[in-house]
Amino acid sequence: MEFPVDTEMDVTRLLSLRGKEAAALREAAHQTKIRHLGDKVYLRGLIEFSNICTKNCHYCGIRRDSAVPRYSMRPDEVLQAADFAYKQGFGSIVLQSGERRSEAFTSLIEQLVKEIMHRSHGELGITLSLGEQSMETYARWKAAGALRYLLRIETSSPVLYARLHPADHRFEERADCLRRLRETGYLVGSGIMTGLPFQSTGQVARDLLFLRDMHVDMVGMGPYLEHEQTPLWAFRHQIPSREERYETGLNALAVLRLLMPHINMAATTAMGTLHPDGRKEALYTAANVIMPNITPVVHRKDYSLYDNKICISEPLQDTLENITRTIEAAGCTVALGEQGNPRGTR
Ligand code: 5AD
Ligand code: SF4
């Protein structure tokens, strides 16, 4: 079967496939992934080191107005988590937190990046996921040794972006930040949420083509999941069913793999939360990266982007065993000791 992805209409049609046709689309994506990237899955140890955020995105459980208890891991706790990732043979770590722009925060990250580079003899790839920042800040963190940066565009529609965020969160600023990151020399990851209220299938198709046109190196893309304490909860009846979100989510991963055969794509925690087989199916279909949560268990429940997030109370060892099992069940192999950087994307 042929699966053309040249136009918005092609992509919209593929996203809507169900049953046998969807299975064939996902199989085609799987073959493309294996042909270009093989069956390796890279591990990125995810350290959610603080849930303090100055932003107020309407969908997010740790938004500024949320009543969640706030935490920041101490620098020595972050370093310990990074050491753990290094010793486990993970190719890289992701430092993620809410968005903050103070000099104190900027320099804390700068110091942490330098120290982690030093301790891992420059072997651990450091990915940052710390929101919108100035060119200067991005450059300082890059100079300290960071290699990659994740900043989701969330949606490529400025109109939808405006409905999902307060008025002072601007789509143009987000898009500018992606340009700044590219100019500063990072490997750039972006992504979207699927299954959002007010989002059409045609919009998701435009999002995927946008990611292609941006020549991103990596994509993290997952379903929107409700959080009871957020403004978007009021629109929970206007989103597709869980089943529909799952089907569209997998098709979106498949189409993106056909559009961008070489990029790194994550099997997201949100996919795993939506469906017990979510991450396994994502890995089989298209993904080649998974981010084991190595945040100390005491903090995990407070990094509550959405309700019922998985892996919040299990010990670290269980998380790792689960992930290894998931990777193997998807017919893939765990890549240890390799950073797994995308190639040939620009
Ligand atoms: N459902 C799914 N993903 C979410 N994110 C934030 N809130 C939610 C939610 N309710 C995602 C956003 C953000 C990333 C860190 O988490 O895409 O970029
Ligand atoms: Fe803050 Fe990110 Fe949540 Fe927005 S999505 S409120 S920037 S943590």
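The model is predicted, so local features are given only at pLDDT of at least 70 and side-chain atom pairs only at pLDDT 80 or more, while totals for chains, interfaces and linings use all residues. Residues are numbered from 1 along each chain as its sequence is written, chains are lettered from A and ligands numbered from 1 in the order in which they are written, and side-chain values use heavy atoms, with hydrogens and water left out.

**Overall build**

- The chain contains 13 helices and 11 strands, where helices (H or I, at least four residues) and strands (E, at least two) are DSSP runs numbered from the N terminus.
- With a radius of gyration of 19 Å, close to the 20 Å that the globule rule gives for 346 residues, the chain is as compact as a globular protein of that length; the radius is taken over C-alpha atoms, and the rule is 2.2 Å times the number of residues to the power 0.38.
- The C-alpha trace spans about 50 × 45 × 40 Å along its principal axes.
- Of the contacts (heavy atoms within 4.5 Å) between residues at least 6 apart in sequence, 75% join residues at least 24 apart.

**Burial and surface**

- Buried residues account for 58% of the 346 residues, with buried meaning under 20% relative accessible area, exposed over 50% and partly exposed in between (1.4 Å probe, protein chains only).
- The chain exposes about 14000 Å², of which carbon and sulfur atoms supply 53%, the areas coming from the Shrake-Rupley method with a 1.4 Å probe.

**Aromatic pairs**

- The whole structure holds seven aromatic pairs; rings of Phe, Tyr and Trp (its six-membered ring) pair if their centres lie within 6.5 Å, and planes under 30 degrees apart count as stacked, over 60 as edge-to-face and the rest as tilted.
- Y161 and F171 form an edge-to-face pair, 5.7 Å centre to centre with 75 degrees between the planes, and this pair links helix α6 (residues 158-164), which holds Y161, to helix α7 (residues 171-184), which holds F171.
- Y161 is buried at a relative accessible area of 1%, and F171 is buried as well, at 11%.
- F198 and F235 form another edge-to-face pair, at 5.0 Å centre to centre and 70 degrees between the planes; F198 lies in the loop between β6 (193-194) and α8 (201-213), and F235, 37 residues apart from it, in the loop between β8 (222-223) and α9 (242-259).
- F198 is partly exposed, with a relative accessible area of 25%, and F235 is partly exposed at 30%.
- Ring pairs also join F49, F105 and W141 into a cluster.
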